[in-house]
Amino acid sequence: MKKITLLLSLLLCMPVLANDIVVKDGESIQAAVNKAVNGDVILVQPGTYRESVYIDKDNITLRGVVVEGEWPVMEGDHKLNDAILYSGNNVTVEWLKIMHYKGNAIMGQSGNNYVIRNNWIVDTGVYGIFPQYGKNGLIEYNVLSGIEDAAIYVGMCDNVDVKHNEVFDSVAGIEIENTRHALVENNYAHNNTAGILVFITPGLPIKTAYDIIVRNNFVVNNNTPNFGAPGSIVSKVPVGVGMVVMAADDVKIEGNIITGNQTAGIVITDLAFVTDVASDTESEPNPDNIQILDNLMFNNGADPVAEVKAAMLTKFKTTGPDILANVGSAQEPDNCILNAERYTSFGIGKWSKCDITTTADVKTYLLPADAAPREIETDADRVARLYKGICAGCHAYNLRMIGPPAMAIQAQYYDNPQGIADYLANPVKKRPDFPPMPSQGHLSEELRLKVAEYMLCLSPKKLEAVAATQGQVAKCEKPSN
Amino acid sequence: MRCWLVVLSLCCAAAWADDWRLKTVCPPGFVSDSGVCRFSSLYSDYPSLQDAGMGGLKVGLPTPRDGFTAQQIDLGRLLFFDPMLSGDGSVSCASCHQPDKGFTDGRALSRGIHGQTAERSAPSLWNVGFLQTLFWDARASSLEQQLLGPLYAEHEMGNTPEQLLASLRGNPIYTDLFKQAFGDKGLTLDTIYTALAAFEASLISLNSRYDLYAHGFHEVLSEPEIEGMNIFRSFVARCGECHTPPLFTNQQLAVLGTPEPAGRPLDIGAEGPTGDRSLRGGFKVPTLRNIELTAPYMHSGRFKTLRETVEFYTKGRGHAVPEGEHLSIHWHIWDPKLTDTELDRLVDFLKTLTDQSFMPVIPERVPSGLSVADALDHSETVESTPVAMGDSP
């Protein structure tokens, strides 16, 4: 009974009821996004959708509806750039099959609290799933293949879980780049050029990668010849590498099954690994505090690339190792390993023994509460923001700035907001001692009128006084600050 | 004739000495807070990942240079437009940073005193207060450090610290104005630099139609413009990867391999100050704010139009690198195969970044009595005598 009351009160507290918007074959997903408001769920029915969809709104769910094996398919025909671009917070994209785009299947720019799951992504150009500048994201149960850079590319993000995905036939399976607090767990990375890469790319505005756990993944037979675009960083990754850690810090590798990768199982290296890239003195190049706990590794290094073969020859071996620390900084004792004797290795002689045996205490790197969700905005909020953000830049209430004070404008237009709205669209110089006002004609007539009303309602007490002296009542309904 | 004008304006300047009062109100985009001007914008409410001040639409800005007083900013405005800051009184800061040209000069390579040519194109000053590094090759790390360059370069403003200080101190209006702005500190080289930096940091352009879209007023952009925005941020064109909103620069160095104007050797860019071979031909990613107004484009002004400029990026990686040269071209430069229509849409979008609503007022007169207008016309009127100097090869 208590539970029911709680449930009821929760339901009653919900401010807006989210709507379902159904998109059918032949209709446009973007049209549905344009209609959608905070909290809405867009249900995409089976069919083929040839479009690029952008979501610049908060709290929108784009959900495919799969019916008896029939998926909604977003088809780029190798002509369209990206299937889905989002910038809003709390965006969810799920249950879509996405094929043949040139850029990405799903790309996020600065949206927080994103969820990308249960998508089936085939040959979508440079990346499959690519959140950038996002905080608090979950990427799970996606299947991706045929990507010419990274199937899953987490770039410049914080707090992300990448779990239960299958990535194959791509150049890089999963990349965690210039990102902090990431958990890469229970993924199956196979038949890529390289399976899982954790690294710093120099020259990006966010410079660090640290606090990353790579745990319980299958990293198998990543021996696909590199088909990355010439000049791309990923095109420089040698074929046959299970895992790469380049310049990242505080990386823990535990419980993975790493087999059949023909150059090496795990490569620990610094920024010199990638050649012919402009250097960046602000990017710290060394891999520090790398911890390889217990993993299952065998049959790696059967046919290593020439550089690795040459290195191994110094140890009188012709096959590559399970673990390769190829440069000085990667070979330092701030890195550690458990049961080193189980593996073939190169360059880990000075490594220490790890003082932890498991990362099990970390269940997730997602935040307990959403990262900075934006407030639900009402129309009145929008108008107030517009006034404060733009108009108030030149019009103080009772002080001369670039433009005349709002008070003076109120005195002139107290009963005529439409007059202000019209003036905004086509300002003509009226007061000789002020510079001309820039036109705001790009705002809709409705918005101009609302802003005008807002301006007239600033400090209503003063306005009443003005109106009283004129013997009239101002058309001002909204109280305001 | 010109001499008479100078004399006339000098005596008028003296006669007006009494009515020189600096503004006590902060410029638009700033609010007064405990006696100083603090930057304020709709963007101030938004967070950004790692406080980097960049990312997507509703994302915060980098930390601004603010905290100057209204008087310091206004004094900087007078200095900025005053040709007295140059060695021969012929050019002001505004000669190469003209307000009506997005604070550039419309020239490929800028012109200094005696018609001498600078090595690179004058960059826009809009939003310059948010930048961590300045100059095309990023060699300065503050506005105060940057402005020493043009002030004292022989072929730019051609002044010396001694002459600058002496000429301003010899002007009773300036001595008084510096007292208004800096109190007991008065008129020193440091307060000159501070005032100029204060004015430059007050040049805010963040109210374009793009910004309204970013803040949620989606109706202000047309369909072709939105299409252009989506091409801009797509990973095919990748413009937004370096020209990252809200400033439309990620403030990093990038080696693009753009062509030099005919007859000019390769500009080694950031290799100069750093000595780092991998940064050969590297330049700071410029902002795209008000880009519509700042033609010609690139460090050398090689491209006359926006259309030509965006087309550069789809003509193939390294296509303009001189034979025998090797540059470590940025990884985002590739072969995106953009169509003509896509290039047109990109230009449509770039024009939504235009906003001059917080344009400062050009002073009708400056304390020296020299002509503000003549200095503004300097780029057009002075005959060019190309002189190769400075740090580029």
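The model is predicted, so a word on conventions: local features need pLDDT of at least 70, side-chain atom pairs count only at pLDDT 80 or more, and totals for chains, interfaces and linings use all residues. Residues are numbered from 1 along each chain as its sequence is written, chains are lettered from A in the order in which they are written, and side-chain values use heavy atoms, with hydrogens and water left out.

**The interface**

Let us start where the chains meet. On the chain B side, 55 residues are in contact with 59 residues of chain A (contact means heavy atoms within 4.5 Å). Together the two chains bury about 4,700 Å², 60% of it on carbon and sulfur atoms; buried area is the accessible area (1.4 Å probe) that two parts lose on being put together, summed over both. B:Leu49, B:Phe235 and B:Trp331 supply 16% of the area that chain B buries against chain A, more than any other three residues.

There is one salt bridge between the chains, a term for a side-chain nitrogen of Lys or Arg within 4 Å of a carboxyl oxygen of Asp or Glu. It joins A:Asp56 and B:Arg233, at 2.9 Å from N to O.

**A buried strand in chain A**

Six of the six residues of strand 13 (residues 127-132) of chain A are buried, so this strand is largely enclosed by the rest of the structure. Buried means under 20% relative accessible area (1.4 Å probe, protein chains only), and strands are DSSP runs (E, at least two residues), numbered from the N terminus. Its two pairings are tabulated here; two strands pair if DSSP finds at least two bridges between them.

| Partner of strand 13, chain A | Sense | Bridges |
|---|---|---|
| Strand 10 (residues 104-109) | parallel | five bridges |
| Strand 16 (residues 150-155) | parallel | three bridges |

Within these pairings, A:Met107 has A:Phe130 as its bridge partner, and A:Gln132 has A:Gly155.

**A:Asn165**

A:Asn165 sits in the loop between strand 17 (158-163) and strand 18 (166-168) of chain A. This residue is buried, with a relative accessible area of 2%. Its side chain reaches the backbone nitrogen of A:Asn142 at 2.8 Å. Not counting residues up to four places away in sequence, A:Asn165 touches residues including A:Ile139, A:Tyr141, A:Ile152 and A:Tyr188.

Technical notes. Buried < 20%, exposed > 50% of the residue type's maximum accessible area, 1.4 Å probe, protein only. Helix = DSSP H or I, 4+ residues; strand = E, 2+ residues; numbered from the N terminus. Polar contact = N/O pair within 3.5 Å; in protein donor to acceptor, adjacent residues only side chain to side chain.
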